[in-house]
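Student: I would like to learn how to read salt bridges in a protein model. Could you take me through them step by step?

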Amino acid sequence: TFEMVAASMEAKRLGLCQKSLFVVPNHLTEQWASEFLRLYPSANILVTTKKDFETHNRKKFCARIATGDYDAIIMGHSQFSLIPVSPERERALLWQQEDEITRGIEELNHSGNGRSFSVKQMEASRKKIKKKLEALQDKKRDDDTVYFEELGIDHLFLDEAHMFKNLEIFTKMQNVGISSGSVRASDLYMKVQYLDEITHGKGCTFATGTPISNSIAEAYTFQKYLQHEALAEMGMIHFDCWAGTYLEAVTAGD
């Protein structure tokens, strides 16, 4: 906790960032605020409560974040997920995912495995994405909504980051423990991409004691969050390319 608090305050002192957002487990927001002020008693911090994110209070509170000159804002994981990204950014991510799946299907068909179970799975995923895109087609910016990009946040500190590890992975590999994805992880991914754009890849700090708990694919997930540009430059943004370089699938008994 102290490492992240000190890092945020030093970054602000050096002009590396202006407004940090700390996203922590819901039950730890007050404890985090207490520890923050213990280290920096004169810091100007804003700590969220459940009441702040009730529907009728949310816009007002987000406006406080956007207009206030805070050293840091501290909020819970679930509150963070209630702040939406703009429809344009959501569409861009869905297009990216659709393209990723389409390429995977083409590769499978080209290799002669077009009837495999993997293709059926990927086709089902593509249909889901198309439905989401159709739902977003006519969605426009809502003047009553404060989007994440409008808050003025330029650094994100994520505590217990392993709770966001279920980022959807599209693959043609079979019988491998791969996440089917969660809304929470997809939301974080869009926000991380935005912060990467405005800070040139230096806008996020993740903290966790268990970066890999169930599958080695979680290593790829964290790299996709934090090293997206580097993976793209190496041609490893797609899981199968990454796995082909770093992993070897084996079948093992008890």
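Student: Is Glu 98 buried or exposed?

Tutor: Bear in mind that this is a predicted model. Burial is read from the relative accessible area, and since the cut-off for buried is under 20%, Glu 98 with its 16% counts as buried.

Student: Which residue does the side chain of Glu 98 meet in a salt bridge?

Tutor: The general idea is that side chains of opposite charge can pair when their charged atoms come close. Here the side chain of Glu 98 meets that of Lys 130, at 2.8 Å from N to O. Glu 98 belongs to helix H5 (residues 87-110) and Lys 130 to helix H6 (residues 117-136), so this pair ties together parts that are 32 residues apart in sequence. Lys 130 is partly exposed, its relative accessible area being 40%.

Student: How many salt bridges does the structure hold?

Tutor: The structure has 10 salt bridges, and one of them links the side chains of Glu 123 and Arg 126, at 3.0 Å from N to O. Glu 123 is partly exposed at 28%, whereas Arg 126 is buried at 19%.

Student: Where do Lys 191 and Asp 187 lie?

Tutor: Both are in helix H7 (residues 183-199), four residues apart, which is about one turn of the helix.

Key
Residues numbered from 1 in each chain as written. Predicted model: local features only at pLDDT ≥ 70, side-chain atom pairs only at ≥ 80, totals over all residues. Heavy atoms only, no water. Salt bridge = Lys/Arg side-chain N within 4 Å of Asp/Glu carboxyl O. Helix = DSSP H or I, 4+ residues; strand = E, 2+ residues; numbered from the N terminus. Buried < 20%, exposed > 50% of the residue type's maximum accessible area, 1.4 Å probe, protein only.
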